[in-house]
Amino acid sequence: TENRPLEGVRIMVTAGPTREPVDPVRYITNHSSGKMGYAIAKQAQLLGAEVILISGPTHLETPNGVKRIDIVTTSDMLEAVQANMAVDVIIKAAAPSDYKPMQYQNQKIKKGSESIDMKLVKNPDILKSIVPLVKDQIVVGFAAETQNVEGYAMQKLQEKKLDFIVANDVTAEGAGFDKDTNIVTIFEANGTKSSYECLRKDVVAGIILDKVIEYLKKQQTI
Ligand code: PMT
């Protein structure tokens, strides 16, 4: 157990963007590459965990020994997350689309008028939807912000009833979407705040998993 502290622990990781189809040839998405979530899945597996990776569309290879479930939309991700709640730890590094087109157009939208309107409707919030389903799972969220990082992160920590949240300012150099590095601050439900310098995403993954190990030990799961 020295090198494999997560032996026997089941971890669900979500990663990547979601895609919301507009018509048969178009979709709404964001810049998530999946790198952050895949790095966590890989490190968790190396530390001995049984890992389920729920992934939006990415160009990344599945880490060795990880069970990957591919999804496309936020609704698909919600369904996959709810179907895999029998785990000890849930880490939500994915960037699910918060909105989707109100009406999917069955045929390609043809070019014509100078401007067209598209109405968007809210997608479900996956983390909020699982609040009533959480028993003793450790739940870790991310907060991707462009301003007021601490304020918004604390709000998400409380609303989504997380054990801790990993905040990243996605406009900072060397942080956020599609980079190999990230700059994070971890806010814990107990009020602790830890800030880190710019580090490779696999190192950030290790820091997050160390914190998870600390919580699992406190719970006497390991
Ligand atoms: O994938 P990379 O290119 O490596 O980029 C990494 C990252 C920037 C995507 C990652 O570090 C990150 O910040 N992920 C969270 C992105 C996000 O959706 O943040 P948010 O602040 O909008 O959401 C807060 C939390 O709620 C997140 O844990 C998110 O997974 C979750 N969420 C969001 C929307 C939604 N409908 N349901 C959710 O559960």
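## Ile-126 and its contacts

Not counting residues up to four places away in sequence, Ile-126 touches Met-77, Leu-78, Val-81 and Pro-96, where two residues are in contact if their C-beta atoms, placed from the backbone, lie within 7 Å. The structure is a predicted model, in which local features need pLDDT of at least 70, side-chain atom pairs count only at pLDDT 80 or more, and totals for chains, interfaces and linings use all residues. Residues are numbered from 1 along each chain as its sequence is written.

Helix α3 holds Ile-126; helices (H or I, at least four residues) and strands (E, at least two) are DSSP runs, numbered from the N terminus. Ile-126 counts as buried because it has 24 C-beta neighbours inside 10 Å. A residue is buried if 20 or more other C-beta atoms lie within 10 Å of its own, exposed if 12 or fewer, and partly exposed in between, with C-beta atoms placed from the backbone.

## The shell around the ligand

The ligand is surrounded by 27 residues, and the closest are Ser-33, Lys-35, Ile-126, Phe-142 and Ala-144; a residue is near a molecule if its C-beta atom, placed from the backbone, lies within 6 Å of it. Two or more residues of the shell come from each of α1 (35-46), α3 (126-130) and β9 (138-145). Strand β9 gives the largest share, four residues.

By class, the shell comprises 12 nonpolar, nine polar and six charged residues. Here Ala, Val, Leu, Ile, Met, Phe, Trp, Tyr, Cys and Pro count as nonpolar, Asp, Glu, Lys and Arg as charged, and the others, Gly among them, as polar.

## Annotated positions

The unreviewed UniProt entry places the feature "binding site" at Asp-98, Lys-108, Pro-124, Asp-125, Ile-126, Leu-127, Phe-142, Lys-156 and Lys-160. These positions span 63 residues in sequence, and the farthest two C-alpha atoms are 37.6 Å apart, so they do not all gather at one spot. Such annotations may be inferred rather than shown by experiment.

Asp-98 is located in the loop between β6 (89-92) and β7 (99-101). With 15 C-beta neighbours inside 10 Å, Asp-98 counts as partly exposed. Its contacts, leaving aside neighbours within four places in sequence, are with Lys-122 and Asn-123.

## The chain as a whole

The protein chain contains five helices and 14 strands. Of its 222 residues, 38% are buried. Among contacts with a separation of 6 or more, 62% are accounted for by residues 24 or more positions apart. Along the principal axes, the C-alpha atoms fill a box of roughly 65 × 35 × 35 Å.
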